[in-house]
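Subject: Structure for you to look at

Hi,

Here is the structure I promised to pass on. Please open it first, then read my notes below.

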Amino acid sequence: MTALDVQAVLKDLPRWSDHPGDRPAIARTVRFADFNTAFGFMTRVAIKADAMDHHPEWFNVYDRVEIVLTTHDAGGVTDKDATLARFIDQAAEQAGAK
């Protein structure tokens, strides 16, 4: 895997941002109607992530899910992150993200 330029990746992912910190990563916060919907969204993403063998860093409180994507082995953002981010965007929309 080859690390990509974060800003170039973000051009195709308007809901995502450059994650602040000491490593290249992209981030998104998603809000839902309630905890049940947020957890269902996380379950759907977990199944896809496991199939990809590429797992997000995330944090959930009630209706909010904070997600960070990076490829540790490559030391930055890769095509795997962009692919999972696009899936997350679709899953969030289908789950009625605010």
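Start at helix 2, which spans residues 35-52. Phe 35 and Phe 39 both sit in this helix. They are four residues apart, about one turn of the helix. Keep in mind that the model is predicted.

These two residues form an aromatic pair. Phe 35 has 39% relative accessibility, so it is classed as partly exposed. Phe 39 has 44%, so it is partly exposed as well.

How many aromatic pairs does a search of the whole structure find? It finds two. Are Phe 32 and Phe 41 buried or exposed? Both are buried. Phe 35, by contrast, is partly exposed, and so is Phe 39.

One more residue to check is Gln 90. It belongs to helix 3, residues 79-94. Its relative accessibility is 49%; exposed requires over 50%, so Gln 90 counts as partly exposed. I also looked at Gln 90 against Val 6. The two are 84 residues apart along the chain, and 20 Å separates their C-alpha atoms.

Best wishes

How values were computed:
Residues numbered from 1 in each chain as written. Predicted model: local features only at pLDDT ≥ 70, side-chain atom pairs only at ≥ 80, totals over all residues. Heavy atoms only, no water. Helix = DSSP H or I, 4+ residues; strand = E, 2+ residues; numbered from the N terminus. Buried < 20%, exposed > 50% of the residue type's maximum accessible area, 1.4 Å probe, protein only. Phe/Tyr/Trp six-rings, centres within 6.5 Å; stacked < 30°, edge-to-face > 60°.
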